[in-house]
Structures are given as structure tokens and as C-alpha cells.
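Dear colleague,

Please find below the structure that I am handing over to you. My findings follow it.

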Amino acid sequence: PDYPPICYACDDAKRQGGIVLWCHNGIGMEAPVTAALGKLDAFNLFDPYWMDPEYDIWYHLLNCGIPLPASTGTDWFICSNNRVYVQAYQEFTYENWLRGLQAGRTFITNGPALLLTVDGEMPGARIDSPNGIPRKISGEVSWHSHYPINHIELVHNGSVIQRKGPNKASQSGAWTFDIEIETDGWVAARAYGDARDSFAQAIYAHTSPVYIGTGRPNRIAQESAAFFVRSIDDSIDWVSRIGKFTKNEQREEVLHLFQEGREVYAALAGEV
């Protein structure tokens with residue numbers, strides 16, 4: 001049966017002091033629900049492939065002001081070198097590593113190291129809101145890689161706004177940038193190359209975001225929230241018509257859970 005929902009497993013993990021990462025997001029109906037209801041600590045991405053459907057889902061969640069750090073890992077059939085790296089700042093211990101992961105001081109990669117600063121702040125940090133007054137922010141992206149990198153891109157509120165490349169592939173370098181901002185939102189960096197790793201996967205890396213103000217860009221947030229309203233409506237339809245449950249009370253429980261998540265995005269999209 002399609003019961004219990006994964007949200008309940010998230011709750012159980014939290015009660016035990018655990019940290020919850022959502023995986024395989026491209027086919028996870030509950031992904032936006034768990035995120036909206038605050039049940040997640042990070043979002044597992046690119047397991048195992050670069051540019052999976054989950055890539056856009058993560059950007060939409062960030063646009064909704066849900067601050068989910070990027071994480072990743074080798075997939076279950078050992079088909080990738082994917083790893084998450086965390087800036088612990090303090091002594092390197094398991095506890096400090098987990099705190100750094102939750103704080104969003106991460107980058108994910110299958111090889112290259114990718115570092116980002118925005119106005120002197122690293123991923124996971126939050127810089128002041130421009131409050132509607134245009135202002136310039138500056139930053140730097142640096143990279144080091146065994147395999148050559150062809151493309152470095154700056155992502156702002158889900159869209160690539162600046163890129164370095166395609167250029168002569170390089171194994172290390174640094175790129176400084178300036179961008180003008182007017183609203184809250186987020187900035188992250190990503191890199192990829194034509195080379196393949198030992199698992200024949202395209203080389204990539206992606207940082208977690210540096211947040212601007214609330215991290216939520218108003219107009220874009222409405223569009224991303226509407227995306228999830230439609231997604232959850234499709235899920236509600238599936239649960240209502242197709243989902244398998246041993247008793248009707250279980251179906252009603254799941255439908256109530258999805259409706260709770262939908263209300264969060266509907267309010268943001270301006271539907272209520």
C-alpha cells in the first residue's frame with residue numbers, strides 16, 4: 001500500500017535527533033510537501049546524473065524561500081563519484097560536519113572543488129536585503145579540479161545570469177563578478193566540463209546558495225509556488241484515484257497531508 005507517507009518517516013527521524021535529506025526528487029511526489037512543512041534539512045541532488053529533473057525542483061524550492069542546502073552521494077548501484085563537502089569552520093568532528101551541512105556551508109561535486117563568496121560571505125550565509133533599492137554586490141568563484149572545467153555559471157533566483165565559458169578548459173582558476181540586485185533572493189555557482197569521470201559521468205559541481213534577505217524573490221516566488229500548487233494537485237488526484245490503501249482513513253490522512261503542503265504554496269502564489 002501507499003502508506004505510511006514518507007513525511008512520517010521524516011518525523012520519526014527528527015524525533016530521534018536525526019537529519020533528513022530528500023533523495024530522488026524528480027519522482028518524489030512528497031518532495032514539495034515535506035519541504036513546505038519544514039521536515040527537511042537538505043536536498044540530495046544529482047544522484048546520479050547532472051541536470052536531472054530534481055535540479056529545477058531545488059531551484060523552485062529556493063525561490064519559495066525554503067533554505068535547503070545542497071547535498072549528494074553515490075547512488076545505490078554505485079554509479080557515481082558524487083560527494084558533498086562541508087565547511088566545518090571549527091575542529092573537524094562528525095557533529096561539526098553535520099552542523100555545517102544544516103547551515104548550508106556546502107558544495108556538491110563528482111570531482112571539482114568549487115568555492116563561492118558573495119560580499120565576503122560563503123554559502124549558507126545571508127546578506128542584507130536591498131529593500132527594493134538597486135545595489136551592486138560582488139563576489140568570486142574559484143575552482144580546482146583533476147579533470148578540466150569548461151563552464152562556470154552564476155545562478156541568481158533560478159536563472160543563469162553570468163557565465164565564464166565556453167572557454168579553454170582549465171583545472172583551476174578564479175573569476176570575480178559584480179551583479180545588481182533589487183529584491184531578496186539567492187546566488188549560487190555551478191561548474192561543469194566536457195570530461196567524464198571514472199564512472200563515465202559528466203564533470204560537475206554546484207554550491208549551496210548565499211541568501212539575500214529572506215531569500216525569496218517576490219514575483220519569481222509566486223511563479224515557483226504556482227508550479228508546486230500544480231504539482232501537488234496532480235499528486236492529490238493520483239492519491240484520490242490510484243493510490244492503494246488498506247482502509248479509507250489512510251487515504252484521507254495522506255490527502256490531508258498534501259493539502260497542508262498545498263496551502264503553503266497557494267498562499268505564496270497569491271491564491272488565498
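Among contacts (heavy atoms within 4.5 Å) between residues at least 6 apart in sequence, 68% join residues at least 24 apart. The model is a predicted one, in which local features need pLDDT of at least 70 and side-chain atom pairs count only at pLDDT 80 or more, while totals for chains, interfaces and linings use all residues. Residues are numbered from 1 along each chain as its sequence is written, and side-chain values use heavy atoms, with hydrogens and water left out.

The protein has 6 helices and 14 strands; these are DSSP runs, numbered from the N terminus, with helices (H or I) of at least four residues and strands (E) of at least two. Buried residues (under 20% relative accessible area, with a 1.4 Å probe and protein chains only) make up 50% of the 272 residues.

The largest nonpolar core contains 47 residues. Such a core is a set of buried Ala, Val, Leu, Ile, Met, Phe, Trp, Tyr and Cys residues joined through side-chain atoms within 4.5 Å. Tyr265 is one of the residues with the most contacts inside this core. Leaving aside neighbours within four places in sequence, Tyr265 touches, among others, Leu61, Ala225, Phe228, Val229 and Ile232. Ala225, Phe228, Val229 and Ile232 are among the buried residues of helix H5.

Arg251 lies in helix H6 (residues 248–269). Arg251 is buried yet has no salt bridge, that is, a side-chain nitrogen of Lys or Arg within 4 Å of a carboxyl oxygen of Asp or Glu.

Key
Lys, Arg positive; Asp, Glu negative; His and termini not counted.
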